[in-house]
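Here is a short tour to follow in your viewer. Keep the selection panel open as you go.

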Amino acid sequence: MRAITQQAFGGPEVLTIVDAPEPRPLPTEVLVRVKAIGLNPLEALLRAGGFPLIGRPPFVLGWDISGVVEEARTWRWRPGEEVFGMPLFPRAASAYAEVVSAPALHLVRKPASLSHVEASALPVVGLTAWQGLVDLGGVTEGDRVLVHGGGGGVGHVAIQIAKALGAHVIATASGSKREFVEGLGADEVIDYTAVDFTGAVGDIDVVLDTIGGDTAARSLEVLRPGGHLVTAVAEEDVRLVATYEAAGRRFSGIAVDPDPVALRGLVELVERGRLRVHVQETFPFERVTDAHRLLDSGHLQGKLVLTV
């Protein structure tokens, strides 16, 4: 099979396509013939050596996959079934490859309403948003929810999940993404390039932070007493946790994990027409360096996907 690997940290040019032996599934695992691979900003950070999650090169990046079961060492799946998921995170899943071995429980059935491209774009961002808003945030009907980075991968899914839960959704996004974010169902959009969100909103029940920097600290100002910040980027800031607790607000960090229950929840929203995943651009497997150059540029609208 072909796989995309790297021998050193660096820019997109360190990614190379090589011939590699196919993985062998262990008991309870399946071998998936990959059709599409979702790309995430974390992978660009890992490629460049900015975060030591999976150690030093050589390694194969990637977690988001959609494909067809080729071999099953489990009763849960049969060869020929179409599946998608985010196997093994935060351990390396080596998903930038034509074939991936994955635990059976880390995959769910791909619905006919999603193409492989769309399905591969959903797991990391969808699970992050679901676990942040549903499992941690406990968002319910009538809540006021602020989503930072509403036009990005996690943000654009989070808006739709919060709306499906019955929340009033406010999103920050650049002015160029206003129409896109409103189309996702956001009730209010704050152009963060022109307006300070701390002066534009208040009485927020749940804030979902996908941006980082000082966003988590500044969000304290807009939360109601007892309100809850959920951050995907500052989960280990001990001092910030103490500041929130002293102010009578809640602070939670989320590190996404494989979750078939949440994945099936996302599929249900898709099938009810309440959730769509936006793919900004697809790239063939051979153009992974071009895809990573765009990933490095930031300010994406939705997701990027490699097709195999």
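How much space lies in the second largest pocket? About 210 Å³, with volume taken as the space filled by probe spheres set on grid points joined across faces, edges and corners. A pocket here is an open set of points on a 1 Å grid over the protein atoms alone where a 1.4 Å probe fits, with protein on both sides within 12 Å along at least five of seven lines; lining residues have an atom within 4 Å of a point.

Before going on, note that this is a predicted model, in which local features need pLDDT of at least 70 and side-chain atom pairs pLDDT 80 or more, while totals for chains, interfaces and linings use all residues. Residues are numbered from 1 along each chain as its sequence is written, and side-chain values use heavy atoms, without hydrogens and water.

Next, select helix H9 (260–271), a DSSP run of H or I with at least four residues. H9 gives the pocket lining its largest share, four residues. Strand S7 (107–109) also supplies at least two; strands are DSSP E runs of at least two residues. Show Trp77, Arg109 and Glu271, which are among the lining residues.

Now move to Leu133. Together with Leu122, Leu133 touches the most other members of the 83-residue largest nonpolar core, a set of buried (under 20% relative accessible area, 1.4 Å probe, protein chains only) Ala, Val, Leu, Ile, Met, Phe, Trp, Tyr and Cys residues joined through side-chain atoms within 4.5 Å. Beyond four places in sequence, the contacts of Leu133 (heavy atoms within 4.5 Å) include Val145, Ile161 and Leu208.

Finally, select Ala216 and Phe251: both belong to another core, of 16 residues, apart from the largest one.

Conventions
Buried < 20%, exposed > 50% of the residue type's maximum accessible area, 1.4 Å probe, protein only.
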